[in-house]
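Here is a short briefing on one protein model. Look over the sequence and the structure first, then read on.

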Amino acid sequence: ARALSLNLKAKKSKLQCEEHQEELKLFCKTDKKLICLICAAAREHKSHSFMPVDEAILFYKEQAKSSSESLTERKSKIEQMEQEQKESISGVQVRLCTIDLINLCRFDP
């Protein structure tokens with residue numbers, strides 16, 4: 001049990017800023033990257049917009065889910081259209097074969 005709790009603590013270790021060795025607690029919406037509180041106060045990010053990392057994770061997770069659902073729906077519609085086209089082509093081929101047969105019977109005594 002003790003080894004398990006050590007593993008859980010290791011998994012929860014936080015990402016750190018390479019420059020300041022501080023925990024990355026903010027997401028810079030302008031640069032689309034994780035930053036620490038010191039970086040947020042620096043000139044480089046002075047006029048940028050931020051949100052807490054947890055909030056950014058939820059936001060982008062929802063956005064990815066929505067995009068995935070939209071793509072799945074579009075894929076389904078395309079597959080349906082493909083099936084309809086195949087059926088249409090098949091019908092045309094049957095009619096062409098029928099016409100060929102009729103023409104053969106007419107002109108081939």
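**Briefing: sheet, confidence, pocket**

Phe-27 has Met-51 in E3 as its bridge partner. This is a predicted model: local features need pLDDT of at least 70, side-chain atom pairs count only at pLDDT 80 or more, and totals for chains, interfaces and linings use all residues. Residues are numbered from 1 along each chain as its sequence is written, and side-chain values use heavy atoms, with hydrogens and water left out.

**The sheet**

- Strand E1 covers residues 26–28 and pairs with E3 in the antiparallel sense over 3 bridges.
- Helices (H or I, at least four residues) and strands (E, at least two) are DSSP runs, numbered from the N terminus.
- Two strands pair if DSSP finds at least two bridges between them.
- Strands of a sheet pair through backbone hydrogen bonds, either parallel or antiparallel.
- Here 3 strands form an open sheet, in the order E2-E1-E3, with antiparallel pairing.
- Strand E2 (33–35) and strand E3 (50–52) are the edge strands, and each pairs on one side only.

**Confidence**

- pLDDT is the predictor's confidence in each residue, from 0 to 100.
- The protein has a mean pLDDT of 85, and 85% of its residues reach 70 or more.
- Among the elements, E3 has the highest mean pLDDT (96), while helix H1 (residues 2–11) has the lowest (47).
- Over residues 1–8, pLDDT stays under 50.

**Two loop residues**

- Gln-21 lies in the loop between H1 and E1. Its phi is near 55°, a positive value in a residue other than glycine.
- Lys-32 lies in the loop between E1 and E2. Its phi is also positive, near 55°, and Lys-32 is not glycine either.

**The largest pocket**

- The largest pocket holds about 180 Å³ of space.
- Its lining has 10 residues, and the closest to its centre are Lys-14, Glu-23, Leu-24, Val-53 and Asp-54.
- On a 1 Å grid over the protein atoms alone, a pocket is an open set of points where a 1.4 Å probe fits, with protein on both sides within 12 Å along at least five of seven lines; lining residues have an atom within 4 Å of a point.

Key
Grid points are joined across faces, edges and corners, and a volume is the space filled by probe spheres set on the points. Contact means heavy atoms within 4.5 Å.
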